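Keep the structure open while you read.

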Amino acid sequence: VESEIIAEVSKKNGMIISTGGGAVLKYENVRNLRQNGRLYFLDRSLNSLIPTNSRPLASNRLAIENLYRLRYDIYKTLSDVRIDGDLAPELVSELIRKEFLK
């Protein structure tokens, strides 16, 4: 379902698409997301990631650590822009806005 939505929404301009962390693991999603935009990586340190029951793949510390190790380099490689996600949300959004308007 996520891939279908990404394919549909990626055709539009002026959209901000916030995907799940696994979305970029599929080539078709990356291709679709790039057709009209840039991929921003909100890079958060491992220590700032908190387990939650609402995210089955990140429901405990070990699961988060495993995902981090498996995906971190992929996110860095695929992203067009890296933003420090450990900063305050207002600052993160301002950094994205400034970079986007370059």
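Predicted model: local features only at pLDDT ≥ 70, side-chain atom pairs only at ≥ 80, totals over all residues.

**Helix H1 and its two sides**
- Start with helix H1, which runs over residues 2-9 and has Ser 3, Ile 6 and Val 9 as its buried residues.
- Look down the axis of H1 and you'll find those buried residues within an arc of 140°, so they line one face of the helix.
- Now check the other side of H1, where Glu 4 and Glu 8 are exposed.

**Where H1 meets H2**
- The buried residues of H1 pack against helix H2, which covers 27-34.
- Is Asn 32 buried or exposed? With a relative accessible area of 10%, Asn 32 counts as buried, because the cut-off for that label is under 20%.
- Leaving out residues up to four places away in sequence, Asn 32 touches Ile 6, Ala 7 and Ser 10.
- One of those contacts, Ile 6, is also among the buried residues of H1.

**A nonpolar patch on the surface**
- Over on the surface, Leu 87, Leu 91 and Leu 95 make up a nonpolar patch.
- Together, these three leucines have about 210 Å² of accessible area.
- Leu 91 belongs to helix H4, which spans residues 89-100.
- Leu 91 has 41% relative accessibility, so it counts as partly exposed.

Technical notes: Residues numbered from 1 in each chain as written. Heavy atoms only, no water. Patch = residues over 30% accessible without salt bridge, like charges linked within 9 Å, V, L, I, M, F, W, Y side chains within 5 Å. Areas by Shrake-Rupley, 256 points an atom, 1.4 Å probe, with all protein chains shown as cover. Salt bridge = Lys/Arg side-chain N within 4 Å of Asp/Glu carboxyl O. Helix = DSSP H or I, 4+ residues; strand = E, 2+ residues; numbered from the N terminus. Buried < 20%, exposed > 50% of the residue type's maximum accessible area, 1.4 Å probe, protein only. Arc of directions from axis to C-beta. Contact = heavy atoms within 4.5 Å.
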